[in-house]
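Student: I'd like a close look at one part of this model. Start with the overall picture, then zoom in.

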Amino acid sequence: MAGFPAELEAYVAPDCDRLAFLQAYLAARGVRSSVVPVNGRKHLYVNFPSAAYNPTFKIKTVIAHYDRVAGSPGANDNSVCDLAVAEFAARLQRLATRGGVHNVRIFFTDGEELGEGGVSEQGAFGLAELFRKLGITHDDVYVFDSCGRGNVPVLARAGADADVRGAFKKQFASLYERTQDLLRDISPQRWMTLPVPYSDNAGFLACGIPAVAITFLPADEASEYARALLRDKHLEKAVMHGDCAGDSQYGEKMPKTWRLFHTEHDNLASLTAESWDLLARILDALGETQFLA
């Protein structure tokens, strides 16, 4: 497909070993990676040189899940993000080789789709628990999920309305505001904050670690969804509690993009070419931005 890597077709093939594929994809671009097993899930961690990190600045942890629902190509959920983040890793590796500092950690997570059985079943929940045990609670965590269709970056509202106080509230508010600034810079007239079904951000939030999630929607779908939220005051709660799947009363009010998830229609034909460049620009801006720790 024009605008996407040629390897995307092989990555969405039914018999693709996606973990092995990602490792080989990274290695071909000079990027080392290692498997991090947690609670039976296999997460993939990118091994940047230690010189790429400066403790004066915050660590930015970028996450994209590589698992998919059986029977679905998973083109948008989450193949495009996976390859885009892998290409981002290659650019960061070249920067680090030249002595540059980027302060980015990257994880490709396993078991995100298991979150439908509850957040604690999600692969990222176990990873977030490991973060807590290691004392890694002050990273900025950015989850990228389903960014292969549409030209409107959407910042998920999860966590923004949490009825909590103290350090978590302050840390999340700062992260949320800075993420809005980033999206505003990259897509000044075309970005939104909306209720979005939980992704890997849910596992981190449940462990008390602030995390934001970014996804994309086509402009017409984003606008119609925003109008539906105004018309139906129960829709947001249904979205956040995962009650919009299948033939529920809210299903038809969901963006078409989300209704393609976990079906055979989440395929290459459903993607939009402009999404690839937009995602790359957001990732690069994130890599270039530094905030004091």
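What radius of gyration would a compact globule with 293 residues have, and what does the chain have? Then take me to the loop that holds Asn103.

Tutor: This is a predicted model, so local features need pLDDT of at least 70 and side-chain atom pairs count only at pLDDT 80 or more, while totals for chains, interfaces and linings use all residues. Residues are numbered from 1 along each chain as its sequence is written, and side-chain values use heavy atoms, with hydrogens and water left out.

Size comes first. A compact globule with 293 residues would have a radius of gyration near 19 Å; the chain has 18 Å, which agrees. That radius is taken over C-alpha atoms, and the globule rule is 2.2 Å times the number of residues to the power 0.38. The C-alpha trace spans about 55 × 45 × 40 Å along its principal axes. Of the 293 residues, 56% count as buried. Buried means under 20% relative accessible area, exposed over 50%, and partly exposed in between (1.4 Å probe, protein chains only). Among contacts between residues at least 6 apart in sequence, 79% join residues at least 24 apart. A contact here is heavy atoms within 4.5 Å.

The chain has ten helices and eight strands. These are DSSP runs, numbered from the N terminus: helices are H or I with at least four residues, strands E with at least two. Eight strands make an open, mixed sheet in the order S1-S2-S4-S3-S5-S8-S6-S7. Its edges are S1 (33–38) and S7 (192–194), each pairing on one side only. From one strand to the next, the twist averages 30°. Pairing requires at least two bridges found by DSSP between two strands. S6 (152–156) and S7 run parallel, joined by three bridges. There, Leu155 stands opposite Thr193. Helix H5 (167–186) lies across S5 (140–144), S6, S7 and S8 (211–217), at about 30° to S8. Axes are lines fitted to C-alpha atoms, for helices over the stretch in contact, and angles run from 0 to 180 degrees between N-to-C directions.

Now your loop. Asn103 sits between helix H3 (75–97) and strand S4 (104–109). Asn103 counts as buried because its relative accessibility is 0%. One of its polar atoms lies 2.7 Å from the backbone nitrogen of Asn54. The side chain also reaches the backbone oxygen of Lys58 at 3.2 Å. A polar contact is a pair of N or O atoms within 3.5 Å; within protein, one must be able to donate a hydrogen and the other to accept it, and residues adjacent in sequence count only if both atoms are side-chain atoms. Leaving aside neighbours within four places in sequence, Asn103 is in contact with Ala52, Tyr53, Asn54, Phe57, Lys58, Ile59, Lys60 and Gln290.

Step back into H3, which holds Ala89. Ala89 is buried because its relative accessible area is 0%. Not counting residues up to four places away, Ala89 touches Leu26, Val31, Val46, Phe48 and Ile106. For scale, Ala89 and His234 are 145 residues apart in sequence and 40 Å apart in space, C-alpha to C-alpha.

Last, the cysteines. The structure holds zero disulfides (cysteine sulfur pairs within 2.5 Å). For Cys81, the nearest cysteine sulfur is that of Cys147, 3.6 Å away. Cys81 is buried, with a relative accessible area of 0%. Cys207 also counts as buried, at 10%.
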